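Keep the model open as you read.

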Amino acid sequence: MMQSLNVEEIVLLKKKILIVDDYFPTRRLIRDALSQDGDYEISEAENGAEAVDQCHRNTFDLVISDIMMPGVGGMELLNRLREISPDTSVIMMTAHPAVDLTVSAMKKGAVDFLKKPFDIDNLLYKVKTCLNEKELSEEIGLEPSSPESKINDKTKDLSVHGFIYDSFGNVEGDSEYIYRKIVDLSMNIVNGEECALLLFDEETGAFDPKILKSTDCETYERKTIPALQGVFRQVADEKRALIIHSTERPEITPSLICAPLLIRSNVFGILCIRSKRHMEPFTTKDLHYAVSLTKRASLNLENLVLYESVYNNVLDTFKSLLTSIQVRDHYTEEHCSRVAALSVKIAEAMHCSAREVESLKIAAMLHDVGKIAIPDKILLKPDRLTFEEFTFIKAHTEMGCRILQPIYLLDQERDIILHHHESWDGKGYPEGLAGADIPFLSRVLAVADSFDAMTNNRPYRSAMDMTAAVEELNRNKDVQFDGRIVEIFPQVLL
Ligand SMILES: [Fe+2]
């Protein structure tokens, strides 16, 4: 039988959840978070006794309960629930999760733990995972297992789900990086030997392989991927994760897991894992882990994909602005590209985070966008500038910042641009900031900008060679430039 799991239904079905905590603000916080996240029927109880009472009158899919409560506490509630409503899942909350307490609660049937104070995303993820797990078990009629194997399974489940959650907790990087991470993790977790992540083009209906992992990628792409188009289509149409064995589909050897990647209920990709190690068939648990992983990853991708698409749009707009400057001044656009490349190298050498490097790259590309407001007779003047003309030129930092003002996404970049002509000794512009008060990435940009200006011909002077330019940077170390950046600079030129 082909087993399937409708990812959307799990989220959309109205599940009954009981929140038990003696502290009203905690109950309110959880209720608000759940209400925003899904269509749940939510009840509250302020202690274990009231919860027991409600569980006699109502059947809940999930109880989220504090452990420490006056009167009937969380552990006793868990005992009582096993008698009243053994199918209800329970997530326990505690500020001090001791190992013995955790194991004892799991033995009594708690499916997960939340450490207080908890992170809302973590709570929502655990609620969804828990309801998802319950639904899956009901849907495919899992045999009740022995208490011993159940506790082992739960422990493994908890660690796998925790591992999945944590793996995507603080992911930095672009969508490509996350795609790779999904593939690597999923193969790891279900012991798959081949995996493909394909992006779905809604307009053409095509599935384009984005990441492929196989011992023979070429054959895999040429033969296997086309043969699986029907399965991909089914998963995309039904928004269902599938596990298929060779007993139903002989062409699939020996089994396959295929799960949709969803953003706001739209399928944007497919994860397909094949060939479990040692020719074993994939299990329902494997399917479950794969779904958990794709859902968790989709949370990251949702923000990232939206961010990237808006970001790229915005960048395209500003790049065309830069092109319009280039029509007047060939130097500016080429200069900006070179400064961006150099700034990135410095930032990487100084161990900046991926996000900082990305921001700096954008800021460096756009750092002179304010020059669009400078008249030709000043911008292209071959002679030395007068005091008034230089004042005009100096305004390009604030002008650039103002041009980018409406784009809230470019907050950090704006700040970098505004201060790229500040000087370490406080004699720069526009604000005369000094030393560490100047944003670090502006200091990096200042070094890259000056070096590029020195090593290229300008209307008013010819280019210096690289050695002379590095010497000039050194002469201005801790005067105009941050000494640490000047010191590391020669190594990025190698
Ligand atoms: Fe500038």
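Which residues are buried in helix 17 (residues 411-418)? In this predicted model, they are Glu-413, Arg-414, Ile-416, Ile-417 and Leu-418. Their packing partners are helix 13 (354-366), helix 16 (396-404) and helix 18 (440-454).

Now step back to the whole chain. It holds 20 helices and 11 strands. Of its 494 residues, 34% count as buried. Among contacts with a separation of 6 or more, 65% join residues 24 or more positions apart.

Next, the cores. The largest nonpolar core has 39 residues. Ile-182, Ile-257, Cys-258, Ile-270, Leu-271, Cys-272 and Ala-290 touch the most other members. Helices and strands both contribute two or more residues to this core: helix 8 (175-190), helix 10 (229-238) and helix 11 (284-328), along with strand 7 (192-201), strand 9 (240-245), strand 10 (255-263) and strand 11 (266-276). Helix 11 gives the largest share, 7 residues.

Take Ile-270 as a close-up. Leaving out residues up to four places away in sequence, Ile-270 touches Leu-198, Phe-200, Phe-207, Phe-232, Val-235, Ala-236, Cys-258, Pro-260 and Leu-261. Another core, of 34 residues, lies apart from the largest one. Its members include Ala-340, Val-357, Met-365 and Phe-451.

Last, confidence. The mean pLDDT of the chain is 81, and 79% of residues reach 70 or more. Residues 1-12 have pLDDT below 50, and this stretch has 32 contacts in the model beyond near neighbours in sequence. Residues 140-148 also have pLDDT below 50, with 6 such contacts.

Methods
Residues are numbered from 1 along each chain as its sequence is written. This is a predicted model: local features need pLDDT of at least 70, side-chain atom pairs count only at pLDDT 80 or more; totals for chains, interfaces and linings use all residues. A residue is buried if 20 or more other C-beta atoms lie within 10 Å of its own, exposed if 12 or fewer, and partly exposed in between; C-beta atoms are placed from the backbone. Helices (H or I, at least four residues) and strands (E, at least two) are DSSP runs, numbered from the N terminus. Two residues are in contact if their C-beta atoms, placed from the backbone, lie within 7 Å. pLDDT is the predictor's confidence in each residue, from 0 to 100. A nonpolar core is a set of buried Ala, Val, Leu, Ile, Met, Phe, Trp, Tyr and Cys residues joined through C-beta atoms within 7 Å.
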